[in-house]
Amino acid sequence: MSYGVTLPEQGMFDAWREAARIAISHRIPPGELDWAGTGGLFAADPLPDAPGPHRARVPRSFLKLAMSVIWHCAPERLALLYQALWQIDRREGDLLSPADPLGRRLNLMAKAVGRDIHKMHAFVRFRELPATGRRRFAAWFEPEHNTLEPGSRFFAKRFADMDWMIATPHLTARFEAGALGFLPGGTRPDLPEDASETLWATYFANIFNPARIKLDAMRSEMPKRYWKNLPETRLIPDMLKDAEERVARMREAAATAPRPGAAAVSTRYRAAMPVAPVLPETLDEARAAALHCRRCGLCETATQTVWGEGSATARLMMVGEQPGDREDLEGRPFVGPAGQLLRAVMAEAGIDPAEVWLTNAVKHFKFAPRGKQRLHRNPARQEIEHCRRWLDLELALVRPQLVVALGASAAFALTGNDAPLGSRRGQIETGLHGRPVLITWHPAYIVRLPDRTRQAKARKDLMLDISSAAQAAGLGRE
Amino acid sequence: MARTLQDKLAILSDAAKYDASCASSGGERRDARKGGLGSSGGSGICHAYTPDGRCISLLKILMTNFCIFDCAYCINRVSSNVERARFSVDEVVTLTLEFYRRNYIEGLFLSSGVIRSPDRTMADMVRIARTLRQDHGFKGYVHLKTIPDAGPDLIREAGLYADRLSINVELPQDASVRRLAPEKRPETIRAAMAQVRLEGEAATDRTFTGRRPPRFAPAGQSTQMIIGADGTDDVTILQSSTRLYTGYKLRRVYYSAFSPIPDASSALPLIQPPLLREHRLYQADWLLRFYGFTADEIATGAKAGHLDLEIDPKLAWALQHRGLFPLDVNRAAKDMLLRVPGFGTRTVDRIIAARRTRALRYEDLVRMGALIKKARPFISLPGWSPGGLTDSADLRARFAPPPQQLSLI
């Protein structure tokens with residue numbers, strides 16, 4: 001005994017699903033179902049109306065696959081899908097793995113449908129029709145598969161404020177006043193000329209670079225079978241014909257004399273560009289000069305110079321090692337995790353950051369990229385020495401009573417002594433500038449300490465040192 | 001003489017073609033069901049292809065090609081004798097909307113020469129984007145090029161309307177920028193990229209009240225580097241890209257082979273654009289972003305700082321590290337599978353998913369999308385063992401194109 005099924009052109013997936021559900025509920029084997037219809041040579045019976053006793057369950061991913069394969073133009077797709085359903089129900093093979101032959105075939109069909117839908121979204125070209133009220137557009141398109149129905153939702157969402165129609169040989173989609181409907185297909189309609197098409201052709205011909213011809217890349221993405229409905233492709237032969245000649249002309253023309261008047265424009269603009277003051281006399285001038293600093297190689301990898309900030313007449317100055325990742329991006333010192341720790345400690349000690357001068361021994365961030373991060377690297381001795389020019393300027397212009405050296409790099413920059421910090425912490429040394437320097441931990445060192453108790457101890461040390469520095473400089477709580 | 005819209009479009013699209021970017025993917029999902037025109041989100045759509053193999057996804061034009069900068073590599077530099085034109089705000093808006101309605105494009109990619117000052121130019125560009133978004137409810141894709149040295153407030157406003165912002169680093173080394181583009185300053189270009197990153201991150205954080213901050217360029221930022229206009233080698237270029245990716249979270253670095261321009265400056269050679277080199281750099285860039293390679297690792301397969309033009313960079317690396325191969329496809333870790341020449345990220349994902357349930361055989365690999373011919377010397381699994389192939393002396397020659405005899409003059 002065999003059964004025949006006829007499915008409608010529209011809403012085919014739901015119809016197939018309903019038919020397949022009834023067939024599998026009666027456990028009708030794939031061989032006994034003829035999806036080509038009931039009107040065949042050996043007049044087959046229609047499926048029973050009522051469902052049978054068996055209930056098949058399929059994974060969601062199969063339904064998704066079927067929803068795509070159903071639009072394929074191959075007539076056997078309906079039978080293949082039922083075959084797959086039959087096998088899933090009997091747990092034969094792993095239909096959804098690309099290693100299964102039937103699964104692979106269905107996946108390829110789904111892929112072809114997906115690609116066809118994508119190409120439709122890309123290659124439909126509307127022309128405007130005369131309108132009364134809403135603007136009206138129409139297009140003729142020839143998809144490879146029956147993809148207009150699943151593909152037209154995209155146009156409905158995108159072109160919601162206009163009426164449009166896409167005609168294909170099998171089906172016509174019509175969007176009017178916000179409602180999408182389908183009509184039978186037909187032959188290519190006669191669409192009126194559209195002035196925008198001329199502009200589009202102008203754009204297509206001019207955006208093309210004749211010096212780089214890659215025809216294979218073009219043909220693989222814009223297969224020739226779509227060309228007949230793409231207005232711009234008519235230009236391609238002429239564009240190619242001219243290309244070589246245009247490039248040759250460019251090469252022969254070689255350099256020409258500059259446009260008259262150009263030099264004056266350049267001179268004027270360049271004169272207005274910021275320049276680095278050679279001998280800065282104020283903090284602002286020093287900052288302007290430091291922004292241009294190229295004394296070492298760090299400027300090329302870092303984002304920007306991070307200059308100090310705070311009070312220009314501060315009695316207390318705090319010097320860290322170098323800007324970190326965050327400081328480099330924001331262009332301000334002590335705004336990253338370590339900076340936040342320092343600012344918290346300062347707040348506890350009753351110090352307003354606006355009344356001190358916060359800066360770093362090195363003004364550019366030194367790092368090594370690791371994965372998606374930029375990892376801090378210690379500045380080399382030479383880099384600290386190159387950058388001392390800026391630190392010296394800050395010391396000379398701010399003239400603080402006391403400087404706090406945060407960590408070993410700052411201590412070396414300020415005192416010239418690179419001995420380990422452990423025994424020096426909490427001590428006051430004389431800086432290269434002839435004034436007192438208090439040595440303490442760098443907040444980043446504290447942040448990175450893995451041991452909680454040591455971390456708490458170090459934080460206490462920092463707090464103690466900063467408080468006593470504030471006191472010595474006459475800042476903070478009385 | 002008044003130019004027609006068509007004349008201007010010809011001039012200002014011709015002037016824009018040296019920007020390689022055309023992506024319209026990523027960003028936020030939106031459509032016109034609740035008013036307005038257009039949609040975006042998900043994968044981008046390429047609406048057409050020109051014979052140079054590049055896709056047309058966006059209407060890529062300059063607002064104007066008048067420019068007060070004098071960048072030697074650029075056709076629009078102040079000293080060039082090229083024809084000049086300028087669009088009005090309405091002209092750009094109308095072109096964008098009318099092209100969009102006919103399904104020619106996904107949106108607008110607007111760049112510009114610098115007129116009067118960087119700030120004035122950027123303000124005009126922002127006005128175009130604002131008009132599209134606010135007056136016309138345009139929901140398609142907008143990519144704005146940020147003008148170097150434009151103020152932070154203008155960049156912030158641009159991010160409100162644009163899906164993507166980009167600022168070109170132009171050349172891989174600061175010294176080359178200073179030499180060939182004297183008005184551009186590498187440090188301010190980087191500072192602008194840092195700002196775009198920070199603004200973008202701030203826009204995804206919710207406030208304490210749970211309110212969303214204003215959007216900021218949801219499709220992120222990208223940049224472009226010109227290849228072959230200066231003497232920088234490929235490894236230096238890749239190190240430069242690594243810094244751009246890690247520092248500013250760029251979605252893409254575009255490499256653009258320097259191609260001859262009409263009315264060229266005498267500072268540059270009018271050579272055939274190094275298209276193959278550009279292609280190898282893109283391959284290496286993919287290795288950086290999706291395959292866990294570092295620039296220094298890629299460098300081990302390079303010759304004198306340059307990528308091998310005859311074979312792809314992953315294969316070049318693998319040939320220098322044969323001690324790590326052959327890999328047992330059924331047991332190797334993901335990060336090593338990604339390093340097998342001929343295996344893409346999707347192939348590797350499929351292998352990992354499939355080998356959970358059963359041991360894979362050689363025949364399975366073809367169906368998973370692997371390029372078997374390329375992968376064969378570097379893998380072993382049931383049904384295949386490379387034997388001495390992995391270490392054979394002529395392995396490179398199997399993949400490199402055959403040597404060509406020089407022709408006699």
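This is a predicted model: local features need pLDDT of at least 70, side-chain atom pairs count only at pLDDT 80 or more; totals for chains, interfaces and linings use all residues.
Trainee: Which residues of chain A does the UniProt annotation cover?

Mentor: The unreviewed UniProt entry carries the annotation "domain: Uracil-DNA glycosylase-like" for residues 307–463 of chain A.

Trainee: How many residues does the contact take from chain A and from chain B?

Mentor: Chain A contributes 67 residues to the contact, and chain B contributes 69 residues. On the side of chain A that touches chain B, the largest share, nine residues, comes from helix H6 (residues 195–207) of chain A. By residue class, that side of chain A divides into 37 nonpolar, 14 polar and 16 charged residues.

Trainee: Which residues of H1(A) are buried, and against what do they pack?

Mentor: The buried residues of H1(A) are A:Trp16, A:Ala19, A:Ala20, A:Ala23 and A:Ile24. Seen down the axis of H1(A), these buried residues fall within an arc of 125°, so they line one face of the helix. Their packing partners are strand S2 (33–34) and helix H3 (77–89) of chain A. Just after H1(A) comes A:Arg27, which takes a positive phi of about 55°.

Trainee: How does the reading go for helix H2 (89–101) of chain B, and which of its residues are buried?

Mentor: The same kind of check applies: at 1.5 Å a residue, the 13 residues of H2(B) should span 18 Å, and the end C-alpha atoms are 18 Å apart, which agrees. The buried residues of H2(B) are B:Val92, B:Val93, B:Leu95, B:Thr96, B:Phe99, B:Tyr100 and B:Arg101. In chain A, the buried residues of H2(B) pack against strand S4 (136–140) and H6; in chain B, they pack against helix H1 (5–14), strand S3 (58–62), S4 and helix H3 (118–135).

Trainee: Where does B:Asn103 lie, and is B:Asn103 buried or exposed?

Mentor: As background, most residues other than glycine have a negative phi, and most peptide bonds are trans. B:Asn103, although not a glycine, has a positive phi of about 65°, and B:Asn103 is found in the loop between helix H2 (89–101) and strand S4 (107–111) of chain B. B:Asn103 counts as buried because 23 other C-beta atoms lie within 10 Å, where the cut-off for burial is 20 or more.

Trainee: What is phi of B:Lys249, and how many C-beta neighbours does B:Lys249 have inside 10 Å?

Mentor: Phi of B:Lys249 is near 50°, which is a positive value in a residue other than glycine. B:Lys249 sits in the loop between helix H7 (234–248) and strand S8 (252–257) of chain B, and because B:Lys249 has 17 C-beta neighbours inside 10 Å, B:Lys249 counts as partly exposed.

Trainee: Which peptide bond is cis, and where does its proline lie?

Mentor: The bond from B:Phe325 to B:Pro326 is cis, with omega near -5°. B:Pro326 belongs to the loop between helix H10 (313–320) and strand S9 (327–328) of chain B.

Trainee: Finally, which residues does B:Gly369 touch, leaving aside residues up to four places away in sequence?

Mentor: With those sequence neighbours left out, B:Gly369 touches B:Gly344, B:Arg346, B:Thr347 and B:Arg350. The loop that holds B:Gly369 runs between helix H13 (362–367) and helix H14 (372–375) of chain B, and B:Gly369 counts as partly exposed, with 16 C-beta neighbours inside 10 Å. B:Gly369 and B:Phe399, which are 30 residues apart in sequence, are 19 Å apart in space, C-alpha to C-alpha.

Conventions: Residues are numbered from 1 along each chain as its sequence is written. Chains are lettered from A and ligands numbered from 1 in the order in which they are written. UniProt positions are given in the numbering used here, feature names are shortened, and annotations may be inferred rather than shown by experiment. Two residues are in contact if their C-beta atoms, placed from the backbone, lie within 7 Å. Helices (H or I, at least four residues) and strands (E, at least two) are DSSP runs, numbered from the N terminus. Ala, Val, Leu, Ile, Met, Phe, Trp, Tyr, Cys and Pro count as nonpolar, Asp, Glu, Lys and Arg as charged, and the others, Gly among them, as polar. A residue is buried if 20 or more other C-beta atoms lie within 10 Å of its own, exposed if 12 or fewer, and partly exposed in between; C-beta atoms are placed from the backbone. The arc is that of the directions from the helix axis to the C-beta atoms. The expected span of a helix is 1.5 Å times one less than its number of residues.
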